[in-house]
Every structure is written in C-alpha cells, then in structure tokens.
Amino acid sequence: MNINKTRYRTIWPAREEKNCIRIIDQRHLPHNFVIEELRTVDDAVAAIRDMHVRGAGLIGATAGFGMHLAAAGAEPGRLDAALKDGAEKLDRSRPTARNLKWAVDRVLTAVQDTADEEKQKRIIFETACEIADEDAAFCKALGRHGLDIIRELSEKKGGKTVNILTHCNAGWLAFVDYGSATAPIYAARDAGIDIHVWVDETRPWNQGAKLTAWELQQEEIPCTLITDNAGGHLMQQGMVDMVIVGTDRTTHTGDVANKIGTYLKALAARDNEIPFYVALPSSTFDWEMDSGQEIPIEERAGDEVTAISGMTEGGTVETVQLTAPGTKALNYSFDITPARLVTGLITERGITAASREAIHRLFPEK
Ligand code: MRU
C-alpha cells in the first residue's frame, strides 16, 4: 500500500542481503516512519513480542522469516536444534494470534522430508516468502468478496455514503499488504463507491488512532476517529451501516478473538440490527478449538494503560503518565465475540456464516 505515494509492504527480505529482513517498525507511527532490520531469530521474537510488528497476518509472516533467520544462524550440523529452539521462542512471543503457530508449523512441515541442510535452508526461505506472498494475495481476494457486501449497501442507500465502523487495526499494517478489514474498503474505493470509515481509537495501545487512521489517510479514504465508547451511540443515531473487524484467531465453530472491545461493538451492532462482519484469511482459523473460550487471551503490562505517548509541540515523541502513581491496571488484549453475534466471515474463498457447518463447507479439506 502507499506511504507518501510510495508502495510498501510491511515486511520484506533485503534484496542485497538474504539474511536481513526489513520491517516497518510500527511503534513509531504515525509520527515517524522507521524501517528496522532483523538479522537473528531473537530480533524477530523481540519484534513480535514488543509489537514492532503486530496484527495476525504480519505476526505470521514475521514468524516465517524468523524461522529463516534461525536457520541462517545455525552452525553446520545444528540446523534441527536451531529450528526447534527458534520455533519454541517464536511460539511463545505472543499467545493469541493463530497465524504465528500456523506459520512456524508450515515451515517445519516444509522441511520434514529433507535431510540436506543447505537444501533445508533454501526451502525455509522460499516457504517464508510464500507465506508473505500468500497473505497479501488472500487479503486481496477477501477484499473482492467484501466489496459485494459494501456494493449492496451502497445500492440500498441509493449511492449515498456507506459508513463502516472498524476497531483496532486490521489494515495493511496488520498484514503483509491490503489488510483484512480494510481490503473490502480499499476495493470499494477502487470501485468508485462512496465510503466513510469510523475508526475506534482502540485503547490502550491506540492501534486505531495511530495506525488505522494514518493508513486510511495515506490511501485517501475519508475517515473519522472516534473514542472507543462512541460506537454504540453512532449506531443508535443511524450513522453506521456496517461493522468490519479483523481477528487474531477464529475457531472453526465461528467464535472470534479480536482486540479487546470488539465484543461490545458486536453487542451494540446486534441491538441496532447492523451487520457485523469479520474479515480473515484462512490462516487465522483454528481448526482444533471448538470454542472461543479455549483461546488464550494475552494479558499485557499495566503500564500500557497508565501511560500514554504522543508527539510534543517540539516534535519529539514522549510518554507521559496518565494516572496517579501506583494506579493498578488490568490489561487484557483481546476478547471473544461469540459466533451468534457475527453476521458473516469474509474469507479469501468467499463469505460464510460463522458456524461449524458453513465454515467446513467452504474449507472441506479441513
Ligand atoms: O495487539 P495487536 O495489535 O497485534 O492486535 C491485533 C489487531 O490489530 C487486532 O486485534 C486486529 O483487529 C486483528 S489482527 C488482523
């Protein structure tokens, strides 16, 4: 997608140096655009854990390239041990995003029948690149399917602006390109449909305020930032036509883990008869868990709630204390929206109801 009209992905291997992976370090956005270089598996683990990169698809792609860095750093004869160690570290770096383990497992499966270490290393790099390319392709495809829903709403409104509410950042910054929740929005813009996006600020990390609003502005999509608690009121006022969110993990029964606060948006949408869609590439499905209640919910440090950062008038980015010293804070990062509140899941293969039967009909091989 575009940054100052230049096309970027969120992660890419350096052309001139194979064992160097470049990422956009999202901690500095929207004030500064910083590219970071990852050279070891530990760099990749830190980038995921400390949220230099974040969002389901991008965490998966970083894990794939993290396995490549683990392999590249292995002493001769020690590749298997390095991969095992790298896989364990990466798996532990963030618990909720399904794409992480999915990517690590995909890399391990790709080399399981190969003994030659050099060949294994080649396969691992190719697999990591495939994971990244496929993530972008799947997001683009789900954008085409989501476009049908937005077009129908636009026709129903006689071409008047379609107002879409989104939570957190399931934009291209959360993936390799296009995004999940934003892909239908970009497709609608390209199709000439009049759209406007309500962006939840998404406390405490403020992915909406810092990332979604910024990326939509870069793409020249009309958008307005709102506080996390405003959505219900806007829905009651008829100011929201649909909700589209992303997901970090969705069970094959249709329960959705997404950024904390998503559940409340789904409840408000149901109360106001507003369609609530979840957009995801199939790499985010958990095919083993039968209930959202089994999904591990990440708990992050309380200081993400008690402190806040932003740019000063002098142009430096600073973090300030928001609360009285010693204020205790609880910081769950995700919540579960039960399948019954989800109007539909937008995937790369099409739109499905959020139920075990419908999901398996679309993905019969699972
Ligand atoms: O904690 P994050 O920023 O990694 O959370 C991920 C998210 O951005 C959201 O939960 C998102 O809506 C789903 S990931 C595409």
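Predicted model: local features only at pLDDT ≥ 70, side-chain atom pairs only at ≥ 80, totals over all residues.
**The ligand and its surroundings**

- There are 17 residues around the ligand, and those that come nearest are Arg 54, Arg 94, Asp 248, Asn 258 and Lys 259.
- Arg 94 places a polar side-chain atom 2.7 Å from an oxygen atom of the ligand.
- Asn 258 also has a polar side-chain atom 2.7 Å from a ligand oxygen.
- With Asn 169 it's the backbone that takes part: one of its polar backbone atoms is 2.8 Å from an oxygen atom of the ligand.
- On its own the ligand would expose 400 Å², and the protein buries 100% of that.

**The cavities**

- Rolling a probe the size of a water molecule over the atoms shows where empty space is left.
- In this structure, 3 cavities of 30 Å³ or more turn up.
- The largest cavity has a volume of about 170 Å³.
- It's lined by 21 residues, and the closest to its centre are Arg 54, Gly 55, Cys 168, Asn 169 and Asp 248.
- Helix 2 (56-72) and strand 11 (256-259) are the elements that give two or more residues to this lining.
- Sorted by class, the lining of the largest cavity has 9 nonpolar, 8 polar and 4 charged residues.

**The largest pocket**

- The largest pocket holds about 540 Å³ of space.
- Its lining counts 22 residues, with Arg 27, Trp 205, Lys 210, Ser 309 and Thr 319 closest to the centre.
- Helix 10 (303-306), strand 14 (307-311) and strand 15 (317-321) each supply at least two of the lining residues.
- Strand 14 has the largest share, with 4 residues.
- By class, the lining of the largest pocket splits into 6 nonpolar, 8 polar and 8 charged residues.

**The second largest pocket**

- This pocket has a volume of about 190 Å³.
- Of its 13 lining residues, Lys 140, Tyr 178, Tyr 186, Ala 187 and Asp 190 are the closest to the centre.
- Two or more lining residues come from each of helix 5 (117-156) and helix 6 (183-190).
- Helix 6 gives the most, with 5 residues.
- The lining of the second largest pocket has 5 nonpolar, 2 polar and 6 charged residues.

**Backbone spots worth a look**

- The peptide bond from Leu 29 to Pro 30 is cis, with omega near 5°.
- You'll find Pro 30 in the loop between strand 4 (21-24) and strand 5 (35-38).
- Another cis peptide bond runs from Arg 203 to Pro 204, again with omega near 5°.
- Pro 204 sits in the loop between strand 7 (195-200) and helix 7 (207-218).
- Cys 168 isn't a glycine, yet it has a positive phi of about 65°.

Terms used:
Residues numbered from 1 in each chain as written. Heavy atoms only, no water. 1 Å grid on protein atoms, 1.4 Å probe; cavity = no way out; pocket = protein on both sides within 12 Å on 5 of 7 lines; lining within 4 Å. Points joined across faces, edges and corners; volume = space filled by probe spheres on them. Nonpolar A, V, L, I, M, F, W, Y, C, P; charged D, E, K, R; others polar. Near = heavy atom within 4 Å. Polar contact = N/O pair within 3.5 Å; in protein donor to acceptor, adjacent residues only side chain to side chain. Areas by Shrake-Rupley, 256 points an atom, 1.4 Å probe, with all protein chains shown as cover.
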